[in-house]
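Open the model in your viewer and show the side chains. This tour tells you what to select at each stop and what you will find there.

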Amino acid sequence: TNQRAATATAAGPHPSRDSTMSFPAALAARFPAMAPTCNAIAKPTQSLEALSSELAMSRFQYWYRYITTYGETRAKGIAQAKIVASKMAAPADLTGKEVITGLVCGVHIYGAFTIGEMLGRKSIVGYSQGKKVHHH
């Protein structure tokens with residue numbers, strides 16, 4: 001443990017464990033891509049009302065674009081599905097990377113299915129048997 005403490009001291013404290021650092025600053029240090037957002041949180045330049053208005057407009061813009069580009073998005077999805085179907089028709093031509101990608105996607109789908117099953121059953125293992133009734 002002394003060696004770990006010496007190494008941590010030499011390397012400097014971990015940003016998320018530094019008690020003098022604010023949460024937004026620690027988040028920015030841990031995830032540099034989030035630094036602009038964290039800095040805006042730490043030193044706000046607009047009121048909550050203005051931020052709320054901006055958020056409402058962004059939501060409107062998002063949903064408008066989502067709905068109006070649905071046909072384009074659907075067409076792209078159909079084109080991708082055709083590519084997948086053609087690759088599945090000739091499995092011997094798949095590359096190792098494609099096989100691994102398929103396996104990872106399959107594990108994700110199986111995991112989502114399993115979590116859904118557990119939530120639906122309200123139990124991690126098996127179905128609830130309810131209250132046991134003894135018949136004499």
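Rings of Phe, Tyr and Trp count as a pair if their centres lie within 6.5 Å, with the six-membered ring used for Trp. Keep that cut-off in mind for the opening stops. One more point before you start: this is a predicted model.

**Stop 1: an aromatic cluster**

Select Tyr 62, Trp 63 and Tyr 66. Together they form one aromatic cluster. Now find the helix: Tyr 66 sits in helix α4.

How exposed is Tyr 66? Its relative accessibility is 45%, so Tyr 66 counts as partly exposed.

**Stop 2: the aromatic pairs**

The search gives 4 aromatic pairs. Start with Phe 60 and Tyr 64. Their rings are stacked, at 6.3 Å centre to centre and with 25° between the planes. Planes under 30 degrees apart count as stacked, which is why this pair gets that label.

Phe 60 is exposed, with a relative accessible area of 54%.

Next, select Tyr 62 and Trp 63. This aromatic pair is edge-to-face. The centres are 5.1 Å apart and the planes make an angle of 85°. Colour both by accessibility. Tyr 62 is partly exposed at 47%, and Trp 63 is partly exposed at 48%.

**Stop 3**

**Stop 4: a charge over a ring**

Select Arg 30 and Phe 31. Which part of Phe 31 does Arg 30 lie over? Arg 30 lies over the face of the ring, at 5.5 Å from the ring centre.

**Stop 5: the salt bridges**

How many salt bridges are there in the whole structure? The search finds 3. Visit each in turn.

Select Lys 76 and Glu 72. They form a salt bridge, and their closest N and O atoms are 3.4 Å apart. Both residues lie in helix α5, residues 70–89. They are 4 residues apart, about one turn of the helix. Glu 72 is partly exposed, at 48% relative accessibility.

Move on to Glu 98 and Lys 87. Their side chains meet in a salt bridge, 2.6 Å from N to O. What does this pair tie together? Glu 98 lies in helix α6 (residues 96–121) and Lys 87 in helix α5, so the pair ties together parts that are 11 residues apart in sequence. Glu 98 is partly exposed at 27%. Lys 87 is partly exposed too, at 34%.

Now select Arg 121 and Glu 117. This salt bridge has its closest N and O atoms 3.9 Å apart. Both residues belong to helix α6. Because Arg 121 and Glu 117 are 4 residues apart there, about one helical turn separates them. Glu 117 has a relative accessible area of 29% and is partly exposed.

**Stop 6: after the helix**

Finish at Lys 122. This residue lies in the segment after α6. Most residues other than glycine have a negative phi. Is Lys 122 buried or exposed? Lys 122 is exposed, with a relative accessible area of 76%.

Key:
Residues are numbered from 1 along each chain as its sequence is written. This is a predicted model: local features need pLDDT of at least 70, side-chain atom pairs count only at pLDDT 80 or more; totals for chains, interfaces and linings use all residues. Side-chain values use heavy atoms; hydrogens and water are left out. Rings of Phe, Tyr and Trp (its six-membered ring) pair if their centres lie within 6.5 Å; planes under 30 degrees apart count as stacked, over 60 as edge-to-face and the rest as tilted. Buried means under 20% relative accessible area, exposed over 50%, partly exposed in between (1.4 Å probe, protein chains only). A charge sits over a ring if NZ of Lys or CZ of Arg is within 6 Å of the ring centre and within 35 degrees of the ring normal. Helices (H or I, at least four residues) and strands (E, at least two) are DSSP runs, numbered from the N terminus. A salt bridge is a side-chain nitrogen of Lys or Arg within 4 Å of a carboxyl oxygen of Asp or Glu.
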